[in-house]
Amino acid sequence: MSTGSFGESVIIFWCGHDWLDVLLPHLAGVVVERVERTSSGMRIWACTKVQTAPCPSCGVRSGRVHSRYDRKLDDAPVAGRPVVLRLRVRRFFCDHPECEVGTFSEQVDGLTVGHARRTLSSRTALECIGLASAGRTGARLAAGLGLPTSRSTLLADLSALSTRQVVSASVSEDRRMLIELFSRMRSGRGFLNDLTAVPTDARGVIKPTLVIAGRNDGSVPFARAEALASAVPHGSLVESSADGHFIWLGLDWPVISGRIRDFPAA
Ligand SMILES: [Zn+2]
């Protein structure tokens, strides 16, 4: 291993990877090209090591490269300091004649998923923090551990988890608070009907309709609310600033509550 300087960063060149696999096992699926120490933490430059990748639609592997690009991913911290992974990935052609996907981006098992801006290690750590202490305290705790994030991101990530994951991670005090919360709702049973997306013929709704949704909702895409409000002949969209699906936990709930109250008379 040797070091050199590049701008404000210190670059560490790796001569052997034996102990790298021990320290950073989640990077076993990539080739680490260099590591830079930056003012805030560490930057790791890497590329994928396999020749082919499976198409996410048909599963057929392809080795015909369309293009290459860098992904910037927040990774799990090292010694409490933030780590950014700059990963060079490829976009492949899918040549399967019956597949509708023209090109696709490769993913690294156990490291990347979809268009996420975090590695799976970073995401898992934040989910654990979010489950244990959602809200501003969770964001402060994560920042102290080298996982800078916002309260909105922390809560939005949680709302994308399965019910089973959330329930298994909750403690009796959490469950007591949730039961109290759901008991205050009219149904008393939470959002059972809300979690399943069903085809909606919105044009058949002839009465004036108020659609309330937030952009930080990890369960229901905001675009769906926009589409619904525009499809209903007399639909209006009200945007909530809530950090998740529960709009009445947003700071603007008093305003939205007033819109709901005044809506029938409008
Ligand atoms: Zn395909």
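User: How many residues does helix H2 have, and what should its span be?

Analyst: Helices here are DSSP runs of H or I with at least four residues, strands are runs of E with at least two, and both are numbered from the N terminus. The expected span of a helix is 1.5 Å times one less than its number of residues. Helix H2 (residues 120-132) has 13 residues and should therefore span 18 Å, in agreement with the 18 Å between its end C-alpha atoms. Please note that this is a predicted model, in which local features need pLDDT of at least 70 and side-chain atom pairs count only at pLDDT 80 or more, while totals for chains, interfaces and linings use all residues. Residues are numbered from 1 along each chain as its sequence is written.

User: Which residues of H2 are buried?

Analyst: A residue is buried if 20 or more other C-beta atoms lie within 10 Å of its own, exposed if 12 or fewer do, and partly exposed in between, with C-beta atoms placed from the backbone. In H2, the buried residues are Ser-121, Ser-122, Ala-125, Leu-126, Ile-129, Gly-130 and Leu-131. Across the protein chain of 266 residues, 22% count as buried.

User: What is the secondary structure of the protein chain, and which strands pair with S8?

Analyst: The chain comes to 8 helices and 11 strands. Two strands pair if DSSP finds at least two bridges between them. Strand S8 (residues 81-93) pairs in the parallel sense with strand S4 (residues 42-48) over 6 bridges, and Met-42 has Val-83 in S8 as its bridge partner. With strand S7 (residues 65-78), S8 pairs in the antiparallel sense over 11 bridges; here Val-78 stands opposite Arg-81. Strand S9 (residues 103-105) also runs antiparallel to S8, joined by 3 bridges, and Arg-91 has Ser-105 in S9 as its bridge partner.

User: Where is Ala-79, and what is its phi?

Analyst: Most residues other than glycine have a negative phi. Ala-79, although not a glycine, has a positive phi of about 55 degrees. Ala-79 belongs to the loop between S7 and S8, a hairpin with 2 residues between the strands. Ala-79 counts as exposed because it has 8 C-beta neighbours inside 10 Å.

User: Which unit do S10, H7 and S11 make?

Analyst: A crossover is right-handed if, with the strands pointing away from the viewer, the path from the first strand over the helix to the second runs clockwise. S10, H7 and S11 make a right-handed β-α-β unit. S10 and strand S11 (residues 235-240) pair in the parallel sense over 6 bridges, with Ala-213 opposite Glu-239 in S11.

User: Where does Val-220 lie, and with which residues is it in contact?

Analyst: Two residues are in contact if their C-beta atoms, placed from the backbone, lie within 7 Å. Val-220 lies in the loop between strand S10 (209-214) and helix H7 (222-231). Leaving aside neighbours within four places in sequence, Val-220 is in contact with Ala-213, Ala-225 and His-245. Val-220 is partly exposed, because 17 other C-beta atoms lie within 10 Å.

User: Is Pro-264 buried or exposed?

Analyst: Pro-264 counts as exposed, because it has 8 C-beta neighbours inside 10 Å. Its place is in the segment after helix H8 (253-262). The C-alpha atoms of Pro-264 and Thr-209 are separated by 9.6 Å, while the two residues are 55 apart along the chain.
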